[in-house]
Amino acid sequence: MNPVFNQNININFPNDILLTIKREDLIHPFVSGNKFRKLKYNLLQAKAEIKTTLLTFGGAFSNHIAAVAYAGKEQGFKTIGIIRGDELLDKIEENPTLKFAQENGMQFEFVSREEYRLKSETSYIEKLKEKFGDFYLVPEGGTNELAVKGCEEILTDEDSVFNYVCCAVGTGGTISGLINSSLQNQKILGFPVLKGDFLTDEIRIFAKKDNWNLISDYHFGGYGKINLELIEFINSFFEENKVPLDPIYTGKMVFGVIDLISKNYFPPHSKILLIHTGGLQGIDGMNIKLKQKKLPILKTND
């Protein structure tokens with residue numbers, strides 16, 4: 001585990017606003033950001049239950065699939081990934097995420113999108129146990145009570161100086177952990193990367209406080225959607241601050257926060273902490289798509 005540090009963003013904002021980013025992307029070279037946090041206690045629980053296999057769910061470029069594959073190998077587990085999209089069966093070699101997961105020992109089961117929707121059904125889980133034997137189930141995106149417990153460790157004592165803490169929201173686990181460990185005078189802002197307002201109820205399952213709000217204006221059309229404006233923003237941010245941002249989660253959140261600053265959303269003298277939740281492994285796959293669309297690629301190094 002590498003040390004995480006808070007990095008000031010060197011942009012002169014109006015009204016004496018200070019922007020800082022917590023570099024959770026540096027926590028581990030392959031199990032990055034919130035995936036490290038979410039898996040920490042789940043892996044300990046799997047060992048306590050004397051399980052030898054982890055089974056989980058994810059899409060073609062899932063950070064979660066890549067993280068479970070590597071962490072499982074590192075911790076001595078067999079790993080199984082139920083992958084959304086049966087058309088991907090013969091495309092593993094051209095998909096950087098699936099190739100990485102397979103190289104780290106993950107066994108795949110490719111299913112149709114229709115079958116994938118059954119992932120939370122008890123009867124479907126039982127069918128998977130009949131096929132693969134006993135396993136420790138890690139939910140899609142990794143969110144459960146143990147994942148939230150891990151995400152409660154993101155904020156530390158030094159973060160008490162911040163008025164606002166901002167993060168991208170996928171399944172709601174990371175923001176729930178931040179809410180639970182935040183101070184009462186702090187406001188937690190979540191930036192959903194999916195369209196729809198179902199996340200509020202999901203977060204309320206785990207969150208123990210009411211000092212939070214979701215800002216749903218920066219999903220850029222939905223999960224995995226990206227346009228030229230976002231590409232140029234991410235590349236410019238990297239050139240100016242030497243912080244790579246992924247286009248699915250953190251890139252959209254940082255774009256949203258800086259846009260809100262320009263619109264005077266935050267009071268003068270606000271101190272804002274951005275949580276970098278990692279996900280940089282997905283950039284290679286995104287760049288393949290961008291080249292196909294003849295769009296600029298995302299930069300991750302000079």
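Predicted model: local features only at pLDDT ≥ 70, side-chain atom pairs only at ≥ 80, totals over all residues.

Me: OK, and where does asparagine 63 lie?

Reply: Asparagine 63 lies in helix α2, which covers residues 63–75; helices (H or I, at least four residues) and strands (E, at least two) are DSSP runs, numbered from the N terminus.

Me: Buried or exposed, that asparagine 63?

Reply: Asparagine 63 counts as buried because its relative accessibility is 12%; the cut-offs are under 20% relative accessible area for buried and over 50% for exposed, with partly exposed in between (1.4 Å probe, protein chains only).

Me: What does its side chain make a polar contact with?

Reply: The side chain of asparagine 63 makes a polar contact with that of glutamine 281, at 2.8 Å. The term stands for a pair of N or O atoms within 3.5 Å; within protein, one must be able to donate a hydrogen and the other to accept it, and residues adjacent in sequence count only if both atoms are side-chain atoms.

Me: Switching to the strands: in what order do the four in the open sheet come?

Reply: The order of the open sheet is β5-β4-β3-β6, with parallel pairing, and two strands pair if DSSP finds at least two bridges between them. β5 (106–111) and β6 (136–138) each have a single partner strand and stand at the edges, so one side of each is left without a neighbour in the sheet. Direction ignored, neighbouring strands of this sheet are turned by 20° against each other on average.

Me: How many bridges join β4 to β5?

Reply: Strand β4, residues 78–84, is joined to β5 by six bridges, and the two run parallel. Isoleucine 83 stands opposite phenylalanine 110 in β5, and threonine 79 has methionine 106 in β5 as its bridge partner. β5 is mostly covered, with five of its six residues buried.

Me: Which helix packs on the sheet and touches β4 and β5?

Reply: That is helix α3 (residues 96–103), whose direction makes about 135° with that of β5. Elsewhere on the sheet, helix α1 (residues 33–48) lies across β3 (53–58) and β6, running at about 170° to β6. For these angles, axes are lines fitted to C-alpha atoms, for helices over the stretch in contact, and the values run from 0 to 180 degrees between N-to-C directions.

Me: What about strand β7, in which sense does it pair with β8?

Reply: Strand β7 (residues 164–169) pairs with β8 in the parallel sense over six bridges, and valine 165 stands opposite isoleucine 188 in β8. Strand β8 (residues 187–192) is mostly covered, since five of its six residues are buried.

Me: Now the loops. Where is histidine 276 found?

Reply: Histidine 276 is found in the loop between β10 and α11 (282–292), and it is buried because its relative accessible area is 0%. Its side chain reaches the backbone oxygen of proline 244 at 2.7 Å. Among the residues that histidine 276 touches are Ile21, Lys22, Arg23, Val243 and Thr250. The C-alpha atoms of histidine 276 and tyrosine 249 are separated by 8.8 Å, with the two residues 27 apart along the chain.

Me: And aspartate 159, buried or exposed?

Reply: Aspartate 159 counts as buried, at 1% relative accessibility, and is found in the loop between α6 (145–151) and β7. Its side chain makes a polar contact with the side chain of asparagine 6 at 2.8 Å, and the residues it touches include Lys22, Ile154 and Leu273.

Me: Last one: what is the phi of asparagine 264?

Reply: Asparagine 264 has a positive phi of about 60° although it is not a glycine. It is placed in the loop between α10 (250–262) and β10 (271–275), and it counts as exposed because its relative accessibility is 52%. Phenylalanine 220, also not a glycine, has a positive phi of about 55°, and its place is in the loop between β9 (212–214) and α9 (228–241).

Conventions: Residues numbered from 1 in each chain as written. Heavy atoms only, no water. Contact = heavy atoms within 4.5 Å. Lists of a residue's contacts leave out its neighbours within four places in sequence.
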